[in-house]
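Q: Please walk me through this one. I'm new to it.

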Amino acid sequence: MYKVPVIVYKGDSIPCITLRTVYVYPELHFKNKRQRRYYNKLVRDVKKTLPIAKEVNRAVIETYEYLMTLPDEKARNQHIKLVEKGLKEQYTPRMKKLTFAQGKLLIKLVNRECNQSSFQLVKAFMGPFKAGFYQTFAALFGASLKKEYHPEDEDKLTERVVTLVENGQL
């Protein structure tokens with residue numbers, strides 16, 4: 001037996017259950033096996049990288065809010081160094097396990113979650129020198145921290161997968 005909230009209407013108790021939104025998309029038709037494999041790989045990669053992007057978003061928000069409570073620039077810089085060290089310890093092992101494609105997808109999903117590119121985030125918290133260094137390092141491997149997420153354009157399929165994964169439909 002389940003207990004659910006009720007609404008009393010004209011003396012009658014009516015169970016009130018809130019259902020989550022169900023997203024319905026047209027069925028995907030793949031031209032060949034390669035396209036189907038690409039889609040399946042995208043689903044796998046989104047499931048692996050989306051939680052990390054959400055964690056990054058929470059960390060950015062918490063760090064920014066805490067920085068606003070600090071009295072001076074010196075205290076802020078000390079806190080940023082501690083946060084950077086903590087993030088490296090926490091995320092380096094997870095990042096090493098990502099494939100190249102998952103890393104590029106993570107850059108886009110961070111842009112989606114934070115509404116800022118990874119380059120802008122690094123620049124805001126660690127300064128333009130480190131941001132330039134990390135951008136150059138990423139460029140050596142054919143990636144870009146400045147990559148943006150375009151849900152209506154080139155990332156339409158990714159947005160569909162992200163929406164379905166967030167809603168528990170995939």
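Q: Start with Asn57. Is Asn57 buried or exposed?
A: Asn57 is buried, at 17% relative accessible area. Buried means under 20%, exposed means over 50%, and partly exposed lies in between (1.4 Å probe, protein chains only). One caution: this is a predicted model, where local features need pLDDT of at least 70, side-chain atom pairs count only at pLDDT 80 or more, and totals for chains, interfaces and linings use all residues. Residues are numbered from 1 along each chain as its sequence is written, and side-chain values use heavy atoms, with hydrogens and water left out.

Q: Where does Asn57 sit?
A: In helix α1. Helices (H or I, at least four residues) and strands (E, at least two) are DSSP runs, numbered from the N terminus.

Q: Which residues is Asn57 in contact with, neighbours within four places aside?
A: Glu113 and Cys114. Contact means heavy atoms within 4.5 Å.

Q: On to the core. Which residues touch the most other members of the largest nonpolar core?
A: Val46, Leu50, Leu106, Leu109, Val110, Val161 and Val162, out of 25 residues in that core. A nonpolar core is a set of buried Ala, Val, Leu, Ile, Met, Phe, Trp, Tyr and Cys residues joined through side-chain atoms within 4.5 Å.

Q: Which elements give two or more residues to this core?
A: α1, α2, α3, α4 and α6. The top contributor is α1, with nine residues.

Q: What about a second core? What does it include?
A: That one is separate and has seven residues, including Phe119, Ala138, Ala143 and Leu145.

Q: Tell me about Leu109. Where is Leu109 found, and how buried is it?
A: Leu109 is in helix α3. Its relative accessible area is 0%, so it counts as buried. Beyond four places in sequence, Leu109 touches Thr49, Leu50, Ala53, Tyr149, Thr158 and Val162. The C-alpha atoms of Leu109 and Arg34, 75 residues apart along the chain, are 24 Å apart.

Q: Thr158 is on that list. Is Thr158 buried or exposed?
A: Buried, with 7% relative accessibility. Thr158 belongs to helix α6. Leaving out neighbours within four places, its contacts are Leu42, Val46, Leu105, Leu109 and Tyr149.

Q: How far is Thr158 from Val43, by C-alpha atoms?
A: 8.3 Å, although 115 residues separate them along the chain.

Q: How are a pocket and its volume defined?
A: The search uses a 1 Å grid over the protein atoms alone and a 1.4 Å probe; a pocket is an open set of points with protein on both sides within 12 Å along at least five of seven lines, and lining residues have an atom within 4 Å of a point. Grid points are joined across faces, edges and corners, and the volume is the space filled by probe spheres set on the points.

Q: Which elements give two or more residues to the lining of the largest pocket?
A: α1 (33–69), α2 (73–96), α3 (100–114), α4 (118–126) and α5 (128–140). The largest share, nine residues, comes from α2.

Q: How does that lining divide by class?
A: Into 23 nonpolar, five polar and four charged residues. Ala, Val, Leu, Ile, Met, Phe, Trp, Tyr, Cys and Pro count as nonpolar, Asp, Glu, Lys and Arg as charged, and the others, Gly among them, as polar.

Q: And the second largest pocket? What is its volume?
A: About 370 Å³. Of its 17 lining residues, Tyr38, Ala101, Lys104, Leu105 and Lys108 lie nearest the centre. Two or more residues each come from α1, α3 and α6 (156–166), and α3 gives the largest share, five. By class, this lining has seven nonpolar, three polar and seven charged residues.

Q: Last topic: backbone. What is the phi of Lys10?
A: About 50°, a positive value, although Lys10 is not a glycine. Lys10 sits in the loop between β1 (6–9) and β2 (12–15) and is exposed, at 74%. Asn115 also is not a glycine, and has a positive phi of about 60°. Asn115 lies in the loop between α3 and α4 and is exposed, at 67%.
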